[in-house]
Amino acid sequence: MKYLTLAATTFLATSAYADTPELVVYTYDSFISDWGPGPVIEKAFEETCACDLKFVGMGDGPALLARLKLEGARSDADIVLGLDTSLIAEAKQTDLFAPTDVTADYDLPIAWNDESFVPYDWGYFAFVHSTDLTPPHNFRELGESDIKIIIQDPRSSTPGLGLLMWVKEAYGNEAPAIWAGLADNIVTVTKGWSEAYGLFLEGEADMVLSYTTSPAYHIIAEEDETKVAAPFDEGHYMQVEVVGKLANSDQSDLADAFMEFMVSDAAQSVLPTTNWMYPAIMPKDGLPAAFDQSIEPEKALLIPNEAVPALRKEALAEWLSALSQ
């Protein structure tokens, strides 16, 4: 009898698991790392959804988009989390994303009215360095210096792509000359942010492409105030990260609920100290005091989403030409 009972219990448990809906979210690797927001988000959302939230990490934003283009309407993903303002226009060209009804009172430096993508955090790109370094004030000074930097590949990394747009927006037709000046400063170009930042912390370069909010991590998590971001007088390029639902999702209502969750206080309150970015909506308890030490760019730079694809091709060619010399 006990064997029959065990078999029945196993069958019921298996059946219950089979009936549990699964929501598949494609995202970038650092989001679902042990120290990233993924584990906290997964636990909190599953407590509300009676579902299995499955994160699938694959590099960074450009890698996400490339994977979607490859899979097309056959993709297993219900949600894509981690594209940004430099990739939105290209993502829309795939016709893979559904419109959304999610709205919120965003605390963004720009107005937001996109019909498909919901912002969940944002920040400014910056070069992070130790306090014992006298930093340059702009890209020209950086190129004229002996300072060694690590950057990310714009073909696989959203910070890397953001850097291309930063130089292009700040210098326009002079961008090739800026890259020519920077070529000797670049120690290496990594596939993604995590590898680049890790190499910087190991002492492989003087500065690394990251965010103005990155020093807040060191202050809060390590009680280390020796890492700072360099203010550049030509301005800093802005990034808004977004979440979107795929039109072919077989969990459409659940996907909508997840997007709503990402702009709730439950999610927004954990992003500053796990993803180390500004939340899209200010949490009810505000931001940790360490964020008050983040530099405030004198000028915010952002190329309109629809203009990025054409500029991206031009800027990438300029970047590749300079680094191949």
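Which residues does His236 touch, not counting residues up to four places away in sequence? In this predicted model, the list runs to Tyr124, Phe125, Ala126, Trp166, Thr212, Ala230, Pro231, Ile295, Pro297, Lys299, Ala300 and Leu301.

**Around His236**

Let's stay with that histidine for a moment. His236 sits in strand β9, which covers residues 236-245. With a relative accessible area of 1%, His236 falls under the 20% cut-off, so it counts as buried.

| Side chain | Backbone atom reached | Distance |
|---|---|---|
| His236 | oxygen of Phe125 | 2.8 Å |
| His236 | nitrogen of Phe232 | 2.8 Å |

Phe125 turns up again among the residues that His236 touches.

**Helix α9 and its cover**

Now for helix α9, which takes in residues 214-222. Its buried residues are Ser214, Pro215, Ala216, His218 and Ile219. And what covers them? The cover includes strands β4 (117-130), β7 (207-211) and β8 (227-230), along with helix α8 (193-201). Just past the end of α9 comes Glu223, and this residue has a positive phi of about 55°.

**A look at Val40**

Over in helix α2 (residues 38-49) you'll find Val40. Is Val40 buried, exposed or partly exposed? The relative accessible area of Val40 is 39%, which lies between the 20% and 50% cut-offs, so this valine is partly exposed. Follow the chain from Val40 to Ala266 and you cover 226 residues, yet the C-alpha atoms of the two are separated by 9.6 Å.

**The whole chain**

Stepping back, the protein chain holds 12 helices and 11 strands. Its radius of gyration is 21 Å, close to the 20 Å that the globule rule gives for 325 residues, so the chain is as compact as a globular protein of that length. Along the principal axes, the C-alpha trace spans about 80 × 45 × 40 Å.

How much of the chain is tucked away? Of the 325 residues, 53% count as buried. As for contacts between residues at least 6 apart in sequence, 78% of them join residues at least 24 apart.

Key: Residues are numbered from 1 along each chain as its sequence is written. This is a predicted model: local features need pLDDT of at least 70, side-chain atom pairs count only at pLDDT 80 or more; totals for chains, interfaces and linings use all residues. Side-chain values use heavy atoms; hydrogens and water are left out. Helices (H or I, at least four residues) and strands (E, at least two) are DSSP runs, numbered from the N terminus. Buried means under 20% relative accessible area, exposed over 50%, partly exposed in between (1.4 Å probe, protein chains only). A polar contact is a pair of N or O atoms within 3.5 Å; within protein, one must be able to donate a hydrogen and the other to accept it, and residues adjacent in sequence count only if both atoms are side-chain atoms. Contact means heavy atoms within 4.5 Å. The radius of gyration is taken over C-alpha atoms; the globule rule is 2.2 Å times the number of residues to the power 0.38.
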